[in-house]
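Student: I want to learn how to read disulfides in a structure. Can you take me through it step by step?

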Amino acid sequence: MTRESTTATIPPMPVRACVLILCLILAACVGPSRKPARSRWTPPVETPERFRACVAAMRAEGSQVDALPDRRFDNGCSATSSVKLVAIGIPVTNLGAVKCGLALPFARWVRNDVQGQAARWLGGYVTKIESFGSFACRPVNNQAGNRLSEHGRANAIDIAAFVLKDGRRITVKQGWNGGDERVRGFLRSLHKAACGRFAVVLGPDANALHADHFHFDMGNGPYCR
């Protein structure tokens, strides 16, 4: 008489379960994947050499700019290492002195992003950009007691609207949450592109004070909202 074996036979584990367990083990060892963050931006120290190199770079890329003399004011405002934008591909209204370190990425945004996204979303061509200005000697958000705005250093630009060749006028105020999906896409694509070029980008989703314009500056960043 043969004695019955008392050892239980363990069925093989399915291959899919093995793979899942292995993935969980590896994930625990490696940790969660993280999207690399943008490097912290601190404005470089201004020097005559950097300013000349910036102006030369703008001219090499096709921009017409006039170098401006440095200006400093007793209340802390200044316009140093600044240029006047004569021609950067699309006329931009109401701009005064702009620090060259901001003017260079702004000209690239105007030439490349604005026209490209206008063609993509609106099937049109932008002939004018309307701004709320650049240099303005005032505190942040125009609120007394706040620190000096980057506008007070000629280091910020506010963009309000875009005029197309066919006569359409696209405003940030009316278009950002307006009924036209193409206009919303156009404005959001420009905001997203700006976040890759400027240290700080503010739009209607930032706060009520920016409901009608995009704010770009090259102060401490990055910050995109």
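This is a predicted model: local features need pLDDT of at least 70, side-chain atom pairs count only at pLDDT 80 or more; totals for chains, interfaces and linings use all residues.

Student: Which residue does cysteine 195 pair with?

Tutor: Look for two cysteine sulfur atoms within 2.5 Å. Cysteine 195 forms a disulfide with cysteine 224, and the sulfur atoms are 1.8 Å apart.

Student: Where do cysteine 195 and cysteine 224 lie?

Tutor: Cysteine 195 is in helix 5 (residues 181-195), and cysteine 224 is in strand 11 (residues 223-224). The pair therefore ties together parts that are 29 residues apart in sequence.

Student: What is the handedness of the disulfide of cysteine 195 and cysteine 224?

Tutor: Read the torsion about the S-S bond. Here the torsion is about 60 degrees, so this disulfide is right-handed.

Student: How many disulfides does a search of the whole structure find?

Tutor: The search finds three. Another one joins cysteine 54 to cysteine 100, with an S to S distance of 2.1 Å.

Student: Which hand does the disulfide of cysteine 54 and cysteine 100 have?

Tutor: For cysteine 54 and cysteine 100 the S-S torsion is about -95 degrees, so the disulfide is left-handed. Cysteine 54 sits in helix 2 (residues 48-60) and cysteine 100 in helix 3 (residues 100-122), so this pair ties together parts 46 residues apart in sequence. As for burial, both cysteine 54 and cysteine 100 are buried.

Student: Which cysteine is joined to cysteine 77?

Tutor: Cysteine 137, with S to S at 1.9 Å. Now locate both ends. Cysteine 77 is in the loop between strand 2 (71-72) and strand 3 (78-79). Cysteine 137 is in the loop between strand 6 (126-133) and strand 7 (156-164). The pair links distant parts of the chain, 60 residues apart.

Student: What about the torsion of cysteine 77 and cysteine 137?

Tutor: The S-S torsion is about 95 degrees, so the disulfide is right-handed. Then compare the ends. Cysteine 77 has 2% relative accessibility and counts as buried. Cysteine 137 has 37% and counts as partly exposed.

Student: What pattern do the disulfides of the protein follow?

Tutor: Count the bonded cysteines along the chain, then write down the partners. The pattern is 1-3, 2-4, 5-6.

Conventions:
Residues are numbered from 1 along each chain as its sequence is written. Side-chain values use heavy atoms; hydrogens and water are left out. Helices (H or I, at least four residues) and strands (E, at least two) are DSSP runs, numbered from the N terminus. Buried means under 20% relative accessible area, exposed over 50%, partly exposed in between (1.4 Å probe, protein chains only).
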